[in-house]
Amino acid sequence: MKSTSPELLLFSPSILPEEFVVGYVFRKSYSEARNFNQAKIIFGKGRKPGWLFPSNLKAVSNASRVAAMAISTEDLLKNHTLLPALTAFLPEERKQQLIAHHLGKPAIGMWSVAGLHGASRSRRGICTSCLKEQYMDNGFGIWQRLFFMPSVFACPWHKRPLETFCAACESVSSPAWFWKPSLECLCGRSLCTIADLDDRALEVSVENASILSRVLRDGLPAEVNIATFSQVLGRRFLRGAAEVESALKDAVGESSLKLYGFQKHTYRRLTQECSLGSLAANPVQNLLVIQKILGGLDNLKLDIGRLQSLDTSSENKTIKGKRIRGRENYLNSISGWSASQLENTTENYRKRVISKLKLFPGATGSELHRMGLWDEVRHLRAVDPVWSQQHIGQSQSYKNFLDYMSPERIRGLVISIHTMYLRLISREPEKRISRSYLLEDTAFRNNMRYVNQIPEIAVILDASVDDDERYFARKAAAIALRVEKARPHTKYSNPKWYTEAAKRTTTAARFKEAYKWLNEAE
């Protein structure tokens, strides 16, 4: 008689709390039939399931009804996938795209739809302490959904770094290799940590994993969304992206910022200084900002309430079910204000706009909109159009900029651009130098059209910005030097090998080939 594994005897056919749905399907399929036929029927024969973005979950729900276990589709989506966190800061349209993919309309590009800018790739995270407890309680281990979230590096309950299989074992596509977590790697060696964490980074990772666990379980408070979050951030940090970056660096440290993929454009997304289409939708980054510099979700709820009470009915008031648009409609919406209320609100809004203009001289009304000052610009254009035209009108903004740019400031900006150029070619020789990159850390990144009209600045920018030939030559030399240090006398250590290609696409392909070689060699 064939012996039965103790693990199969202890198998629970029901999905367990916080168990990731893909892991459950593999566990159930293998434990019932010692094969993965059921998983192949659900996820599609001959292809791997998407662990981060699984699809066809309606079939999982239907299979559970046949087996009299009755797992509803809503229960699967809410309690056994990453959807509550992935959709936390998404607009409704993109949220519905993710839900449709999970239910059974598979689509590509879900990483971009979820807005996971800067996130590290999803790994099969294992906390050995959690796993031992599961063996004690159930007789087997489960894949926990939190540990599959991109950029989750630590267990919030045991406060230890997460581990996973080695790169060789993790790349194996057969589900028989990874249907269940284990205390050692599939090759018999020790598990590898997902990320190297110092003490401070571990503390930050544990705290962020804890708030992510709360969002997965309970969702965000109803008041918190991408709009209210960005609005509070913009009001708290009037200097914009630079101030947010400084505050976050002080709160979590440089190593944590790199770990979570924060870059210059990340802070501009957070403060909405990028185009309106660039959403700060990465839930891991957003929750880190909320936790470390806004005081947590509960504090954020209070700040949102204060803003709504300060702006009274003018913020989101509607007429016949539509958002108020146009000067006359707006004036009608505030017709019930007292004279003192109108005067105080107008004066406060003027101060906020002027404060922003000091940081971004020459900014127009539309640019101030993108920086989070929607209500201020709308109110001032409606209530005080003369003041608005004098300070944020299109023609006046250029005059303001020229008045601001004294000879001393022009010389200072020229020196700043040259210093930035020297720093970039010495520290980051493999990056392309553009005008926006040179002006990134200055107050003029939103005034490119004006900056380029100042002759002294235009000259230094033209001399510093890379064309294809100069960029490829510098990048080839930098890569060749790295290769020479790793392993001399290969084709990758010859700079001419990269630049002699007739086409840009060939040069780019050779750079890519060299990077792949370096990753293996280093």
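The count comes to 5 cavities of 30 Å³ or more, where a cavity is a set of points, on a 1 Å grid over the protein atoms alone, at which a 1.4 Å probe fits but cannot get out. Rolling a probe the size of a water molecule over the atoms shows where empty space is left. The model is predicted, so local features need pLDDT of at least 70 and side-chain atom pairs count only at pLDDT 80 or more, while totals for chains, interfaces and linings use all residues. Residues are numbered from 1 along each chain as its sequence is written, and side-chain values use heavy atoms, with hydrogens and water left out.

The largest cavity holds about 60 Å³ of space, a volume being the space filled by probe spheres set on the points. Among the residues that line the largest cavity are Cys-127, Trp-143, Gln-144 and Phe-147, lining residues being those with an atom within 4 Å of a point. The lining divides into 8 nonpolar, 3 polar and no charged residues, with Cys and Trp counted as nonpolar and Gly as polar.

Turning to the whole chain, 49% of its 522 residues count as buried, which means under 20% relative accessible area with a 1.4 Å probe and protein chains only, whereas exposed means over 50%.

Helix 28, residues 455–464, shows how burial can follow one side: Ile-457, Ala-458, Ile-460, Leu-461 and Ser-464 are buried. These residues lie on the same side of helix 28 because they cover an arc of only 170° around the axis, the arc being that of the directions from the helix axis to the C-beta atoms. On the other side of helix 28, Pro-455 and Val-459 are exposed.

Conventions:
Helix = DSSP H or I, 4+ residues; strand = E, 2+ residues; numbered from the N terminus. 1 Å grid on protein atoms, 1.4 Å probe; cavity = no way out; pocket = protein on both sides within 12 Å on 5 of 7 lines; lining within 4 Å.
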